[in-house]
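Dear colleague,

Please find below the structure that I am handing over to you. My notes on it follow directly after it.

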Amino acid sequence: MAKAKSQYACTECGATVPKWQGQCPGCAQWNTLVESVLEAATPAAAKRFSGLTAAARLQTLASIAPREEPRQPTGIDEFDRVLGGGLVPGGVVLIGGDPGIGKSTLLLQALGRLAQARLNVLYISGEESGEQVALRSQRLQLDAGGMKLLAEINLEKILTTLAEVKPAVAVIDSIQTLWSDALQSAPGSVAQVRECSAQLTRFAKQSGTSVILVGHVTKDGALAGPRVLEHIVDTVLYFEGDTHSSFRLVRAFKNRFGAVNELGVFAMTDKGLRGVSNPSALFLSQHAQDVAGSCVLVTQEGTRPLLVEIQALVDTAHGNPRRLTVGLEQNRLAMLLAVLHRHGGITCADQDVFVNAVGGVKIAEPAADLAVLLAIVSSLRSRPLPGKLVTFGEVGLAGEIRPAPRGQDRLKEAAKLGFTHAIVPKANAPKQAMAGIEVIAVERVEQALEQMRHW
Ligand code: TYD
Ligand code: MG
């Protein structure tokens with residue numbers, strides 16, 4: 001086969017040049033030229049994406065019978081939960097996460113279960129040798145002798161093997177190690193990653209094999225990260241969590257076959273990842289006495305409420321005051337401090353403010369605002385909040401407290417875990433008193449702060 005030609009295309013304006021240069025001649029941006037395969041030059045090139053654009057006829061929506069995709073559960077409940085019930089034939093799943101967080105472990109366990117269920121599964125490892133994978137599988141006590149293994153990084157060879165074996169599920173660990181003959185750039189470059197995943201996606205759609213791609217994320221998510229793949233694949237899952245603690249979260253970021261923001265919770269043990277089916281109290285730390293600067297938030301992750309301790313530390317600044325968050329949005333903290341000043345009359349202008357969500361969990365929902373606010377005020381005044389208090393609610397720029405979705409579920413979960421008081425947005429307050437938990441409804445930031453004076 002003639003070697004496919006490549007060209008360099010600008011990611012900003014789309015201009016193409018035959019050779020790499022630092023600056024794009026089209027839009028004068030720097031470092032935007034990325035290698036890609038020159039298409040349509042040969043019949044082979046024209047065929048490359050034919051699977052993605054199978055001849056389709058024009059039809060009306062009413063004439064199409066909706067078809068529920070059959071799913072293949074992996075048997076690992078927490079993993080199936082984030083997948084939306086299981087793997088879909090022909091679906092492509094991307095699992096991203098920091099190195100060492102447990103991607104290979106989880107996928108080996110999932111394939112092991114499927115192999116035990118007599119499914120034809122193939123594990124393609126570009127990072128570890130067959131012996132290493134076998135050793136890990138032995139350590140995980142997987143009884144999966146039928147699982148097929150291929151240690152290979154050349155895309156063309158992998159595609160040939162896939163076509164021969166026709167597995168029901170194939171895992172590629174990892175996409176950054178693959179390289180295609182068609183491109184000159186090194187494995188892991190954006191061009192290689194994009195080309196390899198496009199080819200594997202085409203294979204999945206044509207053959208009905210479920211393909212799971214593993215992708216590494218660098219700290220800043222920039223360097224050839226799997227971000228460029230998010231558009232190509234059907235499902236994007238991200239591993240989160242503190243590598244120092246044993247808990248791992250798998251979050252659905254995009255899912256064409258299910259709900260997003262569903263969360264799978266695992267604990268890393270010496271026998272691999274174990275699902276945690278009741279994780280709501282996982283992210284609370286144990287304090288012997290009530291401490292200042294700590295406030296428990298009830299957040300909603302997918303279908304499950306989760307209680308997370310929010311910690312704040314406010315301390316005299318030396319020089320420029322610092323605003324730092326771990327697990328929460330930094331800009332949102334600046335906004336909350338401004339609201340606190342304008343509507344609560346409390347200033348932190350000469351203070352460093354640090355805010356942390358305990359346990360390495362990342363909270364994106366605005367309903368965390370009220371908990372952050374209360375934790376900051378508690379730390380500033382060195383006055384602990386009652387230990388059995390929970391809160392949630394979004395804070396608006398006008399000082400109003402906005403309701404959060406599924407308030408009743410959150411309150412029920414908190415009551416179940418023995419919390420006795422809750423500060424919630426007025427619109428979330430239950431119509432009838434709830435057993436075991438006293439609900440304090442607030443409409444404005446001032447009311448929430450006033451409430452704190454009583455403790
Ligand atoms: P791994 O799945 O190799 O990470 P990734 O593929 O995301 O880079 O996970 C590696 C970590 O998990 C490693 O630091 C050791 C730990 N681990 C356990 O604690 N118990 C186990 O049974 C296994 C297999 C790994
Ligand atoms: Mg790995």
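A backbone N or O atom of Gly-100 lies 2.7 Å from an oxygen atom of ligand 1, a polar contact (a pair of N or O atoms within 3.5 Å; within protein, one must be able to donate a hydrogen and the other to accept it, and residues adjacent in sequence count only if both atoms are side-chain atoms). A polar backbone atom of Lys-103 is 2.8 Å from an oxygen atom of the ligand, and Arg-136 places a polar side-chain atom 3.0 Å from an oxygen atom of ligand 1. The protein covers 74% of the 560 Å² of accessible area that ligand 1 has on its own (Shrake-Rupley method with a 1.4 Å probe; for residues, only the protein chains shown count as cover).

Please note that this is a predicted model, in which local features need pLDDT of at least 70 and side-chain atom pairs count only at pLDDT 80 or more, while totals for chains, interfaces and linings use all residues. Residues are numbered from 1 along each chain as its sequence is written, chains are lettered from A and ligands numbered from 1 in the order in which they are written, and side-chain values use heavy atoms, with hydrogens and water left out.

Which residues come nearest to ligand 1? Of the 16 around it, these are Gly-100, Lys-103, Ser-104, Thr-105 and Thr-269 (near means that a heavy atom of the residue lies within 4 Å). Helix H3 (103-116), helix H4 (130-139) and strand E11 (263-269) each supply at least two residues of this shell, and H3 gives the most, with three. Helices (H or I, at least four residues) and strands (E, at least two) are DSSP runs, numbered from the N terminus.

Elsewhere, helix H8 (residues 369-381) packs against helix H10 (residues 445-453) at an angle of about 45 degrees, with the axes 11 Å apart. Axes are lines fitted to C-alpha atoms, for helices over the stretch in contact, and angles run from 0 to 180 degrees between N-to-C directions.

Two backbone features also deserve mention. The peptide bond from Asp-173 to Ser-174 is cis, with omega near 0 degrees; Ser-174 belongs to the loop between strand E7 (169-173) and helix H6 (190-207). Ala-28, although not a glycine, has a positive phi of about 65 degrees.

Yours sincerely
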